[in-house]
Amino acid sequence: EEAAGAPLLSLSLGCAAVLLLGTQSREDEPVPLLVRSGDAIILGGKARLAFHSMPRIFPDTAPSHLTQSRRGCLGAGERTATEPALGPASKPAPAGDSHDSEAQWRHQDDEELTRRESAWLQDHRINLSIRQVFSECDNDA
């Protein structure tokens with residue numbers, strides 16, 4: 001990683017967890033920090049290269065807006081902003097296809113997916129780390 005001196009931004013979603021933040025030496029005792037969903041941590045300077053880990057996740061601590069199924073949030077025929085108009089190409093449309101039956105089929109698939117996502121987030125977390133990898137940008141590309 002060329003730009004190891006650039007700060008790192010860490011965003012947490014889901015269950016709370018313990019972050020152990022050390023120094024650049026494994027001999028130093030790390031400091032425990034409680035990290036909750038929505039927290040953002042910036043590691044810069046000496047902290048950027050510090051040893052760190054998340055040894056403990058606290059199940060059932062994710063915010064309810066992440067763990068409650070969004071079942072019924074969309075009406076039949078409505079789509080999320082990122083959902084394609086025709087649904088997955090790999091799944092054939094139901095017999096006697098009409099816009100309403102296709103929308104109902106797609107809506108049932110969406111409900112099942114959100115139930116699985118919601119259940120998974122009840123005892124897991126997602127950490128998104130954003131960092132600069134290269135020292136310079138090649139603007140000529």
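The model is predicted, so local features are reported at pLDDT of at least 70 and side-chain atom pairs at pLDDT 80 or more, whereas totals for chains, interfaces and linings use all residues. Residues are numbered from 1 along each chain as its sequence is written, and side-chain values use heavy atoms, with hydrogens and water left out.

## Overall architecture

The protein contains two helices and six strands. Helices (H or I, at least four residues) and strands (E, at least two) are DSSP runs, numbered from the N terminus. In sequence order the pattern is β-β-β-β-β-α-α-β. Of the 141 residues in the protein, 23% are buried. A residue is called buried under 20% relative accessible area, exposed over 50%, and partly exposed in between, with a 1.4 Å probe and protein chains only. Among contacts between residues at least 6 apart in sequence, 75% join residues at least 24 apart. A contact means heavy atoms within 4.5 Å.

## The sheet β3-β2-β5

Three strands form an open antiparallel sheet in the order β3-β2-β5. Its edge strands, β3 (31–35) and β5 (52–58), each pair on one side only. From one strand to the next, the twist averages 25°. Two strands are said to pair if DSSP finds at least two bridges between them.

Strand β2 (residues 16–21) pairs with β3 over five bridges in the antiparallel sense. Strands β2 and β5 also pair in the antiparallel sense, over five bridges. Is β2 largely enclosed by or open to the rest of the structure? Five of the six residues of β2 are buried, so this strand is largely enclosed by the rest of the structure.

## The sheet β4-β1-β6

Another three strands form an open antiparallel sheet in the order β4-β1-β6. Here β4 and β6 are the edge strands, each pairing on one side only. Neighbouring strands of this sheet are turned by 20° against each other on average, direction ignored. Four bridges join β1 to β4, and these two strands run antiparallel.

| Residue | Partner residue | Strand of the partner |
|---|---|---|
| Leu 20 | Pro 32 | β3 |
| Leu 11 | Ala 40 | β4 |

In a regular strand the side chains alternate between the two faces of the sheet.

## The second largest pocket

The second largest pocket holds about 160 Å³ of space. On a 1 Å grid over the protein atoms alone, a cavity is a set of points where a 1.4 Å probe fits but cannot get out, and a pocket is an open set with protein on both sides within 12 Å along at least five of seven lines; lining residues have an atom within 4 Å of a point. Grid points are joined across faces, edges and corners, and a volume is the space filled by probe spheres set on the points.

Strands β1 (8–14), β2, β4 (40–43), β5 and β6 (125–131) each supply at least two residues of this lining. Which strand gives the most to the lining? Strand β6 does, with three residues. Among the lining residues are Leu 8, Leu 19, Ile 41, Met 54 and Arg 125. By class, the lining has six nonpolar, four polar and one charged residues. Ala, Val, Leu, Ile, Met, Phe, Trp, Tyr, Cys and Pro count as nonpolar, Asp, Glu, Lys and Arg as charged, and the others, Gly among them, as polar.

## Selected residues

Ile 42 lies in strand β4 and is exposed, with a relative accessible area of 63%. The C-alpha atoms of Ile 42 and Leu 9 are separated by 4.6 Å, although these residues are 33 residues apart along the chain. Not counting residues up to four places away in sequence, Ile 42 touches Pro 7, Leu 8 and Leu 9.

Gln 24 lies in the loop between β2 and β3. Its C-alpha atom is separated by 4.4 Å from that of Ala 50, 26 residues apart along the chain. Not counting residues up to four places away in sequence, Gln 24 touches Lys 46, Leu 49, Ala 50 and Phe 51.

Asp 60 is found in the loop between β5 and α1 (64–67). Asp 60 has a positive phi of about 60° although it is not a glycine. Most residues other than glycine have a negative phi. Asp 60 counts as exposed, at 63% relative accessibility.

Terms used
Axes fitted to C-alpha atoms, helices over the stretch in contact; angles between N-to-C directions.
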